[in-house]
Amino acid sequence: MPLPPLSADLLVTRCREADLPFETTADLPDQEETVGQERAVEALRFGIGIRANGYNIFAAGPQGTGKASLVRTFIGRAAADQPRPDDWCYVSNFDEPQRPRALRLPAGRGRAFQRDMARLVEDLQAAVPAVFEGEDYRTRRQAIEDDLKERQEDAFMEVQRKARARNVALVRTPTALALAPVKDGEVLTPDEFEKLTDEEKAERKAAMEDLQEDLQARIARIPKWEREQRDRIRQLDQEVTEYAVGHLIDDLKTVYDDCPAVLAHLDAVRAALIERVDQFLPDSEDLRQLPPQVRRQLGAQRDDQLEQYAVNLLVSHADSGGAPVVEEDHPSQPNLVGRIEHQQRFGALVTNFTLIRAGALHRANGGYLVIDARKLLTQPFAYEDLKRALRSREIRIEAPGASIGLFTTTSLEPEPIPLDVKVVLIGDPMIYYLLSHHDPDFRELFKVQADFDFRMPRRDDTTLAVARLIGGLARQEGLRPLDRGAVARVIEHAARLADDAERLTTHMASLVDLVREADYWAGRRDAAVMTRADVQQAIDAKTRRTDRVREHIQEEIARGTLLVDTEGAKAGQINGLAVLQLGTFSFGRPSRITCRVRMGRGELVDIEREVNLSGELHSKGVLILAGFLAARFGQDGPLSVSATLVFEQSYGMIDGDSASSTELYALLSALADAPIRQGLAVTGSVNQFGEVQPIGGVNEKIEGFFDVCAARGLTGEQGVLIPRANVHSLMLRDDVVEACRAGRFHIHAVATIDEGIEILTGLPAGTPDDDDDGGWTSGSINRRVAARLASWRRRAMELSGDLRPRNGNGGRP
């Protein structure tokens with residue numbers, strides 16, 4: 001006898017309101033712990049606690065399961081108990097300006113050091129000019145300058161004395177010094193010189209040659225004297241500068257005597273100030289006479305020179321408590337490792353160490369960095385530079401692509417900063433598996449997987465935890481509390497989303513949205529609490545907003561445009577069920593599947609595959625049918641059959657094996673010439689042993705066919721065949737359950753193809769006879785199929801001239 005339909009009590013698993021220990025969620029405390037993610041919680045605790053290299057975390061799970069909020073919670077707790085990391089600054093490298101130095105300071109002191117250095121520059125701008133304008137400095141400098149003049153005058157006076165004794169004069173011209181013959185104290189003109197006797201001419205020429213050599217020797221010593229003067233002036237400037245700045249820097253060194261790096265930098269600043277004191281002196285009178293544009297350019301250059309004494313505070317933890325937690329929403333390469341900005345100056349782009357900007361790694365250094373994996377992988381160079389920083393444990397600021405030589409523009413090369421950070425990537429499981437398979441570095445750097453589940457067991461404790469969760473959300477967002485009925489309906493919807501009556505979804509985002517929408521409908525009727533009706537209205541309203549395509553398909557079926565029979569019986573024709581997913585909305589759609597058979601060579605043609613409209617899984621299911629048919633009916637010889645299978649009115653890609661049992665029913669019906677009841681629809685995959693296997697979307701498939709039958713009028717003969725293994729998945733709509741309870745619609749659960757074919761045709765499937773001929777019980781579907789195949793086999797043998805007897809007829813009528 002065919003199996004009876006399922007009881008209505010098995011079609012939905014209610015959440016009993018009496019089992020909920022509260023009146024409304026206002027009576028419940030907030031849910032402090034995460035619901036249904038014990039495995040992920042253990043992994044996060046382990047990943048946060050272990051400090052070894054490479055134990056960064058990848059939080060993998062479907063979107064909406066609370067990965068980000070759980071990561072924030074656990075990291076926030078851990079970070080609060082950890083010490084604040086050090087501040088980091090960049091300062092000038094006076095020896096190599098292109099390589100700024102990184103400076104570490106205790107947490108909170110970087111900002112004070114930045115202010116102190118800015119104040120130092122201000123003090124120097126006042127102190128240095130005052131010292132250089134003082135009477136003491138001018139007197140000492142004038143003495144040095146006078147000494148040079150005296151030495152020069154003494155040298156020239158000696159030459160003048162020698163020249164006068166030998167009737168030669170030392171004459172100053174506008175450009176140089178010259179020697180000229182003299183007579184009676186007067187310089188001779190060329191004509192007067194020619195009137196001298198030859199002896200006098202020779203005497204004066206010899207004197208001039210001797211004096212010229214002496215003069216040149218003395219003049220050659222003048223640059224040396226000038227260098228000595230400049231050295232003395234420079235030494236004087238350094239002494240005066242040391243006097244002006246020494247006590248200021250010494251005062252700073254006493255403040256930062258516990259920071260060796262700062263002390264070393266202050267010593268470098270002292271040396272640079274002494275060497276470049278002219279940067280603090282006012283412009284000379286000559287410079288003030290230059291055009292305004294030139295003066296502005298020189299002023300900008302002076303500002304740049306003074307910036308070398310500034311401090312670029314890269315990261316400060318003055319206002320933070322505990323270790324930093326940074327979530328980088330836009331993880332581009334510059335946003336991760338930092339960048340070097342440029343300014344436009346007089347038509348050119350310039351930069352210096354004060355334009356170095358911190359990246360997320362700098363801000364998270366000493367703490368935690370949270371990044372969305374998909375966003376990271378879509379940014380050029382970001383993932384590779386992140387891995388490089390984690391491997392080397394230092395942050396190196398470079399232009400995007402510089403590490404692989406794409407850009408060769410000369411720029412700053414800041415000193416790398418040591419890195420100590422725990423990185424948490426958040427993404428889908430597929431991203432984790434792809435990276436694990438294709439990137440060896442990923443396995444070494446992200447050794448901890450926090451695997452978030454998409455569902456959890458449906459128990460009293462998890463039900464109560466969900467109630468606390470949505471109740472706490474209602475309080476946080478100022479929503480109305482939910483009564484028992486509303487919570488029960490939310491729990492039932494959570495089971496429906498999990499596609500399992502014994503499980504609940506962990507996609508809390510969907511449940512949270514449902515509560516918000518139910519609150520809206522409760523507000524429309526000015527209710528104080530949300531009820532079951534409000535939750536149901538929210539579900540129905542959301543379905544209404546998204547089911548335009550489903551409604552149009554139902555209309556086309558009702559009008560006969562899409563051919564789906566719900567009454568009568570036909571051989572080789574059956575109603576299959578598929579699920580269509582449009583955005584977040586999925587629904588079931590019935591489709592007519594037909595099969596035509598004839599004598600042939602054992603070919604089973606899938607028309608969808610032949611025209612490239614079949615996916616791999618669907619093609620696999622059709623090949624399984626051939627294996628089942630050959631195993632059951634092809635033991636005595638080849639199958640002399642040719643069959644074609646097709647989804648009627650299908651114009652797009654078909655995939656999945658959930659229709660394989662449906663196609664097998666159509667094939668058996670066509671071979672046995674046994675009509676199938678068109679009021680029944682079928683879903684389920686099948687294996688080569690004829691066992692019906694579970695599928696997904698069973699609720700949507702049942703409801704899709706129910707809606708078609710209800711639109712035409714329920715006759716009490718309609719229903720759906722599902723795999724028995726899917727009974728635990730049933731969470732059907734109330735109207736479907738009530739129709740089944742009233743006997744106007746039926747859900748049949750089958751475990752084998754034989755059970756299903758008996759329900760579809762009303763004929764017994766049959767069992768093998770005990771006779772040696774290998775036949776089937778009389779009047780059964782299998783007997784009729786075997787008989788037809790045997791007749792075709794004999795006919796094929798006759799046509800080929802091979803009339804040799806075979807063991808067993810397998811097809812005895």
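# Salt bridges, rings and a surface patch

Reader: At what N to O distance do the side chains of Glu703 and Arg496 meet in a salt bridge?
Author: A salt bridge puts a side-chain nitrogen of Lys or Arg within 4 Å of a carboxyl oxygen of Asp or Glu. Side chains of opposite charge can pair when their charged atoms come close. For Glu703 and Arg496, the N to O distance is 2.7 Å.

Reader: What pLDDT must side-chain atom pairs have to count?
Author: Residues are numbered from 1 along each chain as its sequence is written, and side-chain values use heavy atoms, with hydrogens and water left out. This is a predicted model: totals for chains, interfaces and linings use all residues, local features need pLDDT of at least 70, and side-chain atom pairs count only at pLDDT 80 or more.

Reader: Are Glu703 and Arg496 buried or exposed?
Author: Buried means under 20% relative accessible area, exposed over 50%, and partly exposed in between (1.4 Å probe, protein chains only). By that rule, both Glu703 and Arg496 are buried.

Reader: Which residues join Arg496 in one network of salt bridges?
Author: The network is built from salt bridges that share partners. Besides Arg496, it holds Asp547, Arg550, Glu700, Glu703, Asp707, Arg733 and Asp735.

Reader: How many residues apart are Arg111 and Asp319?
Author: Their side chains meet in a salt bridge at 3.3 Å, N to O. Arg111 is in helix H3 (residues 110-132), while Asp319 is in the loop between S7 and strand S8 (325-328). Helices (H or I, at least four residues) and strands (E, at least two) are DSSP runs, numbered from the N terminus. This pair links distant parts of the chain, and the separation is 208 residues.

Reader: Why does Lys387 count as buried?
Author: Lys387 and Asp439 form a salt bridge at 3.0 Å, N to O. Asp439 counts as buried, because its relative accessibility is 10%. Lys387 counts as buried too, because its relative accessibility is 3%.

Reader: Which residue's backbone oxygen lies 2.8 Å from a polar atom of the side chain of Asn312?
Author: Asn312 is in strand S7 (residues 312-315). It counts as buried, because its relative accessibility is 7%. The backbone oxygen 2.8 Å from its side chain belongs to Phe353.

Reader: Why is the pair of Phe442 and Phe446 stacked?
Author: The structure holds twelve aromatic pairs. In this one the centres lie 5.3 Å apart, and the planes meet at 20°. Rings of Phe, Tyr and Trp (its six-membered ring) pair if their centres lie within 6.5 Å; planes under 30 degrees apart count as stacked, over 60 as edge-to-face and the rest as tilted. So the angle that makes this pair stacked is 20°.

Reader: What is the angle between the planes of Phe633 and Trp776?
Author: A pair of aromatic rings is described by the distance of the centres and the angle of the planes. Phe633 and Trp776 are 6.1 Å apart, centre to centre. The pair is tilted, with its planes at 45°.

Reader: What relative accessibility does Met430 have?
Author: Met430 sits in helix H14. With Tyr433 and Leu434, Met430 makes a nonpolar surface patch of about 320 Å². Met430 counts as exposed, because its relative accessibility is 53%.

Notes. Polar contact = N/O pair within 3.5 Å; in protein donor to acceptor, adjacent residues only side chain to side chain. Patch = residues over 30% accessible without salt bridge, like charges linked within 9 Å, V, L, I, M, F, W, Y side chains within 5 Å. Areas by Shrake-Rupley, 256 points an atom, 1.4 Å probe, with all protein chains shown as cover.
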